[in-house]
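Have the sequence and the 3D view open as you read.

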Amino acid sequence: MSKRKKWYVVWAGHEPGVYETWSECQAQTTGYPNAKFKAFDSEREARMAYEDGAYGFERRHKVPKEMQSKTTTPIPEAIVVDAACSGNPGVMEYRGVYLPSRTTLFEMGPFEMGTNNIGEFLAIVHALALIEQRQLSGLVIYSDSQIALTWVRKKRCKTLLERTPKSEPLFDLIQRAERWLQTHPYTTPVYKWDTVSWGEIPADYGRK
């Protein structure tokens, strides 16, 4: 898959706005005190976030306290998940990796039409279901997607992806995942991977 395109929102910078490239975003934030900016997977998501404002966006997508990392290093016994998408929307796949051995436990896709956030959401639920099915104990799950974590917490995938014949197979999986969350009270901890302190999540596809 090719490198996926990003869109950049600058809430506080030399000239706030929505930008198509990192270099444009960097030009608006470098040297600006307390700059606020964030990358998004689609233009629509970026423009909605810009209209929300930084405070509104953070309020809607703040990682729940119980999902925030409480350790200075990753908990060793963990499943880490990630997704990759060629364009957004575009061809998408996701996987889960056992952290100690870096062994791939599951891999799904490619799906003809999806988004990175959907893949991250499905990967988390897939990992939860796998742990329950195999009666695995003592494991935690890590994801680096702030949005997917809030979706899991709310038990609903609030995607902006249009439902079309191409995306229909993915929407079937989304419905199954939402139904699983609503009918399975899980106890497995799900945490936000601290990319700043720990580097890229080990399930990363390396296509940024």
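In which helix is the place of F121? F121 has its place in helix 3.

## About the model

This is a predicted model, in which local features need pLDDT of at least 70, side-chain atom pairs count only at pLDDT 80 or more, and totals for chains, interfaces and linings use all residues. Residues are numbered from 1 along each chain as its sequence is written, and side-chain values use heavy atoms, with hydrogens and water left out.

F121 is buried, with a relative accessible area of 0%; buried means under 20% relative accessible area, exposed over 50%, and partly exposed in between, using a 1.4 Å probe and protein chains only. Helices are DSSP runs of H or I with at least four residues, strands are runs of E with at least two, and both are numbered from the N terminus.

Setting aside residues up to four places away in sequence, F121 touches A148, W151, V152, R156, C157, A177, E178 and L181, where contact means heavy atoms within 4.5 Å.

## The nonpolar cores

In soluble globular proteins, nonpolar side chains tend to be buried together. A nonpolar core here is a set of buried Ala, Val, Leu, Ile, Met, Phe, Trp, Tyr and Cys residues joined through side-chain atoms within 4.5 Å. The largest one has 36 residues, and Y94, I118, F121, L122 and I124 have the most contacts inside it. At least two residues of this core come from each of strand 4 (78–86), strand 5 (90–98), strand 6 (103–114), helix 3 (116–133), helix 4 (146–154) and helix 5 (168–183). Helix 3 is the biggest giver, with 10 residues.

I118 touches M92, W151, C157, T159, L161, L170 and I174, again not counting residues up to four places away in sequence. A second, separate core has 11 residues, including A78, L99, Y142 and Y191.

## The annotated binding site

UniProt, in an unreviewed entry, places the feature "binding site" at D82 and D204. The UniProt positions follow the numbering used here, feature names are shortened, and annotations may be inferred rather than shown by experiment. These positions are spread over 123 residues of sequence, yet they cluster in space, with a largest C-alpha distance of 5.6 Å.

D82 is found in strand 4 and is buried at 2% relative accessible area. Beyond four places in sequence, its contacts include Y94, R95, E120 and D204. The side chain of D82 also reaches the backbone nitrogen of Y205 at 3.4 Å. As for D204, this residue lies in the segment after helix 6 (195–198) and counts as buried at 17% relative accessibility. Leaving aside neighbours within four places, D204 is in contact with D82 and R95.

## The cysteines

The structure holds zero disulfides, a disulfide being a pair of cysteine sulfur atoms within 2.5 Å. C85 is buried at 3% relative accessible area, and C157 counts as buried at 7%.

Terms used:
Polar contact = N/O pair within 3.5 Å; in protein donor to acceptor, adjacent residues only side chain to side chain.
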